Amino acid sequence: MSGSFSILDLDDTEALLAADRDGALWAASMAGAQVRATAAAVDEGALETVFGDSRDYPPRTVIWLATRGTAATAGALLAAVRGDSSRAPLVLAAETPAWIGSLDVLVVAGDDPGDPTLVAAAAAGVRRGARVVLIAPHEGPLRDATAGRVGVLEPRVPVPVEFGLPRFLAAGLAVMDALGGTAEPTDLGALADVLDAEALANSAARELFTNPAKLLADRIVGRDVALAGDCAATLALARHGSAAMLRTGLTTVAATGLADAVSAMRARSAGGRDIADVFHDEQIDGPAADRLRVLALTLAAERTVVAARINGLPDVDLVAAGDVPATPGASEELAVPAGGLSPAGPVRVEQQLAVLAVRLEMAAAYLRLLRG
């Protein structure tokens with residue numbers, strides 16, 4: 001169970017802002033600014049020293065080296081989004097591969113410039129002649145190990161490390177685009193605009209039933225919840241959401257594959273639990289102690305298939321990037337286009353994933369405020 005919560009009203013804007021003493025809502029809403037700052041660094045030539053004269057020579061591999069946290073999550077999302085279209089295989093690693101050499105591109109991603117693994121990896125990449133990009137603070141031991149011989153995309157917008165996913169994802173997309181061969185490079189400015197629109201839709205001033213993040217928080221509070229993904233990208237996103245709920249929201253939320261979640265809900269229905277729940281009124285009795293809710297994260301291309309798989313199951317919500325809450329009682333599915341987005345929502349897969357990540361992070365921030 002998620003534990004006890006305060007009686008803070010999610011529609012009381014002033015109370016929410018007063019309770020946000022740690023700045024979690026502010027940090028989650030800075031996703032667009034992080035992406036825009038990364039785009040500015042790329043425009044200023046941050047990657048030219050590494051890729052400027054070598055775009056006609058694709059590397060043997062692109063190695064994304066990250067040890068933990070949002071940097072590792074960004075690598076998993078990048079592999080899901082660009083793994084099939086990259087000019088070279090994208091390898092995810094937690095330590096320096098023994099075979100790294102001058103034919104490879106090494107991306108070292110993290111938040112700690114003193115992390116021994118990151119420092120050793122960057123030093124090995126430089127020593128062996130690989131093209132090295134740092135998506136990390138360029139200071140301390142990490143700066144000493146590279147001595148100016150690398151491309152640097154360091155953080156320009158100071159946010160807590162748990163809110164750094166947009167920056168890592170944007171930097172990773174920029175690196176893949178810099179290698180060339182991409183049919184449609186990512187417009188980081190457009191991605192930043194989409195994330196700004198999502199943050200606005202989730203702001204404290206927006207009331208519960210027009211606010212995707214608030215409604216997610218309201219559906220999670222006081223219940224057992226599982227975030228489910230049905231592909232590599234949404235499963236990685238579910239794990240990120242689970243981590244955000246724990247670290248920011250101080251709430252335990254499981255992350256699982258959709259098949260496992262569907263099996264659990266079907267077993268629950270077969271056991272007759274739903275019949276007993278018919279007489280439970282949450283407005284009068286409060287949340288049922290053993291009710292499980294599943295939030296199925298989905299991309300636009302998979303929505304029809306995922307919706308068919310969860311059809312008929314109680315307490316399962318479909319959550320997609322283009323969705324916002326409907327008016328009260330309109331539907332259990334979050335399916336009204338958000339203001340500022342096209343009717344279909346963000347089109348590119350990386351936009352959809354980034355939007356959902358921001359929504360989950362802001363929902364976690366609201367859960368933190370409900371904790372008091």
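This is a predicted model: local features need pLDDT of at least 70, side-chain atom pairs count only at pLDDT 80 or more; totals for chains, interfaces and linings use all residues.
As a rule, nonpolar side chains in soluble globular proteins tend to be buried together.

## The sheet

Now for the strands. Five of them make an open sheet with parallel pairing, and the order runs β2-β1-β3-β4-β5. At the edges sit β2 and β5 (151–152), each pairing on one side only.

Four bridges link β1 and β3 in the parallel sense. Leu65 is found opposite Val108 of β3.

## Helices on the sheet

Two helices to look at here are α5 and α8. Helix α5 packs on the sheet by touching β1, β2 and β3, and its direction is at about 155 degrees to that of β2. Helix α8 packs on the sheet too, touching β1, β3 and β4 (131–135), with about 160 degrees between its direction and that of β4.

## A closer look at α5

Helix α5 covers residues 69–82, 14 residues in total, and spans 20 Å from first C-alpha to last, close to the expected 20 Å. Its buried residues are Thr70, Ala71, Thr73, Ala74, Gly75, Leu77, Leu78, Val81 and Arg82. Besides β1, β2 and β3, these buried residues pack against α8 (165–178), α11 (232–247) and α16 (349–371).

Conventions: Residues are numbered from 1 along each chain as its sequence is written. Side-chain values use heavy atoms; hydrogens and water are left out. The expected span of a helix is 1.5 Å times one less than its number of residues. Buried means under 20% relative accessible area, exposed over 50%, partly exposed in between (1.4 Å probe, protein chains only). Contact means heavy atoms within 4.5 Å. Two strands pair if DSSP finds at least two bridges between them. Axes are lines fitted to C-alpha atoms, for helices over the stretch in contact, and angles run from 0 to 180 degrees between N-to-C directions.
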